[in-house]
Number of protein chains: 4
Amino acid sequence: MPATSLKLHVGSDITVRAAADCPIVAMLRPASGLAQWLSSETYAFDPWVPTTEYVDGYGNLCQRMVVPQGEMRLRVEATVETEPELAVNPGAPFTIVQNLPDSALQYLLPSRYCPSDKLESRAREIVGTASPGYGQVEAIRAWIQAGIEYRYGTSDASTDAVATLERGAGVCRDFAHVGIAMTRAMRIPARMVVGYLLGLEPMDLHAWFEAYVGDRWYTFDATQAAPRGGRVVLAYGRDAADVAFISNYGPLETVAMQVWVEIAPPPRPLPPAPPPLAAPA
Amino acid sequence: MPATSLKLHVGSDITVRAAADCPIVAMLRPASGLAQWLSSETYAFDPWVPTTEYVDGYGNLCQRMVVPQGEMRLRVEATVETEPELAVNPGAPFTIVQNLPDSALQYLLPSRYCPSDKLESRAREIVGTASPGYGQVEAIRAWIQAGIEYRYGTSDASTDAVATLERGAGVCRDFAHVGIAMTRAMRIPARMVVGYLLGLEPMDLHAWFEAYVGDRWYTFDATQAAPRGGRVVLAYGRDAADVAFISNYGPLETVAMQVWVEIAPPPRPLPPAPPPLAAPA
Amino acid sequence: MPATSLKLHVGSDITVRAAADCPIVAMLRPASGLAQWLSSETYAFDPWVPTTEYVDGYGNLCQRMVVPQGEMRLRVEATVETEPELAVNPGAPFTIVQNLPDSALQYLLPSRYCPSDKLESRAREIVGTASPGYGQVEAIRAWIQAGIEYRYGTSDASTDAVATLERGAGVCRDFAHVGIAMTRAMRIPARMVVGYLLGLEPMDLHAWFEAYVGDRWYTFDATQAAPRGGRVVLAYGRDAADVAFISNYGPLETVAMQVWVEIAPPPRPLPPAPPPLAAPA
Amino acid sequence: MPATSLKLHVGSDITVRAAADCPIVAMLRPASGLAQWLSSETYAFDPWVPTTEYVDGYGNLCQRMVVPQGEMRLRVEATVETEPELAVNPGAPFTIVQNLPDSALQYLLPSRYCPSDKLESRAREIVGTASPGYGQVEAIRAWIQAGIEYRYGTSDASTDAVATLERGAGVCRDFAHVGIAMTRAMRIPARMVVGYLLGLEPMDLHAWFEAYVGDRWYTFDATQAAPRGGRVVLAYGRDAADVAFISNYGPLETVAMQVWVEIAPPPRPLPPAPPPLAAPA
């Protein structure tokens, strides 16, 4: 966490309906990490069902439960300290593969929605003479933002980056998939991020991507005209397959959903501190 | 999480004082897992300082920060679904070492406060003819509870299980260390647990231990006359060295501290659900 | 390792040619694990280059090096104790998702070459009335073996399971991708395996798949008419993207390659044992 | 692996005797990593017993097996590329705790044989005015080498650093424990290393320690008058409890043991390369 931070209050309220008991894995709990600090949260269900949590191979918190037949509501709220401004570093150079950390290598591989192996020549055209590294990723991001139309209803859960390019339209997850696939095609590690973005219009859960250039991950969002901070991360992965808010293993319908992100009000003052110990421990 | 659960509201409010900037690692955030579900929490500091979090080798959440010169307050509250009753299974057999899961093997090794290599003959005397496995651990636990006096001021941060046995007195962490050391001496994996216990007198952060018998971990608490549920886990480790609430790397004084555990009041009803989606997603 | 085992001597000798320094990640070293024991190995390069090794998120050993401009030879040989017979268990039932171990869940997700989300109705047709679990996976495997032609040259590095089904032909990796995609479509975890198979015709590095039914992983190989043991695993993953023998990040040509698998000759007798210690330690 | 390397042939031949079936965990297989490359190895038993292998929380390879009643021989040989010279960096500064990588923090904690909490004032005396960081660790190392006598028979499996200081004598593991405990007392992460050292007199399996100063781990060996390369690592841990060559869970006697480390002879030339492929893959 940087010394200067922005405190956001974020939340999702989702009602799902299952025709029969339906096991799910949810990724709705933000974790504290290097770039954000979770100062409070509430994770509520109605009806209550027994739930377990585990950490997946990417470090995400995953909640396992069974949605009983009928309707179930999940409401998650959190107050998170995050970065007010995105780190922007046009000079961050391309890192040759032999110098990448081991943990970044998996983000060079093609994945379900990011078949980077099919987009190498396309990516080379787009980056043109951009400076290797950050400059190339920004060229890809800007090209997507200018050239792909943001439109609901053109894509679905099976649409990959190649299909999005053919259609010339998509939503945030499609934009991220195109950005990731082309970035990997340039041999730069790229990963999917899902979470919240302050001021997103219309407000919803959001998706963007990160690329590893220089010596760290940087954030890129092809749905936005300019770099914007105020992000709360829910999960990282190779693409949308890894980071679904809810992965359902049976028929499940979303019947209501509301998402919010706002500047957190000043915290209520803490209650009076406990009295001093008689003798310091 | 079992289908039947007990909802507890737990918290700690700690004021520390540092003569100079003092880096610390805190383990004050309960995690959801197999045996408890975190439904809400608040983690507040005053003054606020940048903080990062990581997961240690035992799966514990660890918060890294620097206590600035002067006083700092940490207040953590959580509402946790937990097990109302401890699992008790006198018939759980000794598991021969070759059948233990890989992850349990490290809990057979001696550690800083649990020099099990020095207590083998003592442990054998105590378990006597108890049935191998759960029965042996329970014999050790009962022997400690009957034979060691619970008394503040007899032990400090350098007291290990052997020293506690010599003194015949200690506090919860000392009781746990003796239990762990003797259990390991019987070639049964044992680990330290720190957290909250409903109804503890006087109320404080608490320590107990778990032993692996049959095919799972069971809870043992040598400070209590009978098995008691209502526990919230903060951290697991080999002994107190791994699971300090606060590990400080510089002089740090605790000047005030309050701990509470109570049955959570019924949750406030959720606000009205969002309106149904026009078209189901 | 089971008490009865088959000792195999396996190896690969690969010559690659790089037009310029080319970083690679190789997965050519078999690891000991639950199902195989590595009793000896040699991993040689010519020319020698500095190499590091790490363990990826699936537990595979990965060797990182840079192929210098020109030709480089990698020769890996190993003697491995493995299972002479595959475990076959037609009665192993479908495990409902809520009962799967956490570590198996990722193998339900669609991946680059196994877009299981597109094959649900096809998979349902094929399994028909096969008994849920092992029976369904075997039905898929048998259908592939009967219905897809084994033919070189029909597929390449971008061919996924859907494309293989359209073409009706492929090689071992394509057979595995179809099996994995359909198995996942039935909500059964499935993973890719690459390695060696005794008696494979023509001899080559091989690929097959595993499915999680009942309470463990079972091996399925759609290229074979009957279950065959004598396998040495090099790597596990979601699909071929994760388990390439060599992932190259620059142009790299394979100019020569030889693979062998044979019953290991009886080991040379050990040299004489060292003399007894004067006093036992 | 550095570009310049030293190729060593190392091995251990150990005969143990068990009065009854005795489960053990062995750490006798060197792994490739950042600082060494395993080019060949042989791991043989007589009699052969089924064995599995896992990776522990420190990244060590651990072999699980049961020594049957009677005698069993384990013979492990390896050829390893390693560093001919130790990295020595007197200017490497103390790294304040808040800047240490998460993974180094555990090596600040006291452990079974390294009760650093008891040695703070002693350590401060010894380091005196040495420059913080590398200089302090080297002062500790040199003090041990000058002040503690290397003598067999003064210590046993329960001897910790405090006891060694009292006795003023010990063997390599005791020297390492004192070094680690005092280094941690200075708030510098320190870890135990076991393995092979070229030219050790008398030849045996060896133990030394590493300290984290500046931005990496450096090797220190209090048994040697000057820095010496030619080391092959078998395992890392907090102290000897974590890195026993053989941890036995039942009575086990070592009846014969031989260890060797030598400059590897030039490798036999590779057999002829396979013929070129008809068409490059």
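Copies are superposed by least squares on the C-alpha atoms of residues with pLDDT of at least 70 in both. The model is predicted; local features require pLDDT of at least 70 and side-chain atom pairs pLDDT 80 or more, whereas totals for chains, interfaces and linings use all residues. Residues are numbered from 1 along each chain as its sequence is written, chains are lettered from A in the order in which they are written, and side-chain values use heavy atoms, without hydrogens and water.

**View 1. Chains A and C about the rotation axis.**

**View 2. Helix 3 and helix 5 of chain C.** The axes (lines fitted to C-alpha atoms over the stretch in contact; angles from 0 to 180 degrees between N-to-C directions) of helix 3 (residues 134-147) and helix 5 (residues 172-185) come within 10 Å and cross at roughly 145°. Helices are DSSP runs (H or I, at least four residues), and strands likewise (E, at least two), numbered from the N terminus.

**View 3. Residues between helix 3 and helix 5 of chain C.** Contact means heavy atoms within 4.5 Å. Val137(C), Ile140(C), Trp143(C) and Ile144(C) of helix 3 meet Phe175(C), Val178(C), Gly179(C), Met182(C) and Thr183(C) of helix 5.

**View 4. The loop holding Gly153(A).** Gly153(A) lies between strand 7 (149-150) and helix 3 (161-167) of chain A.
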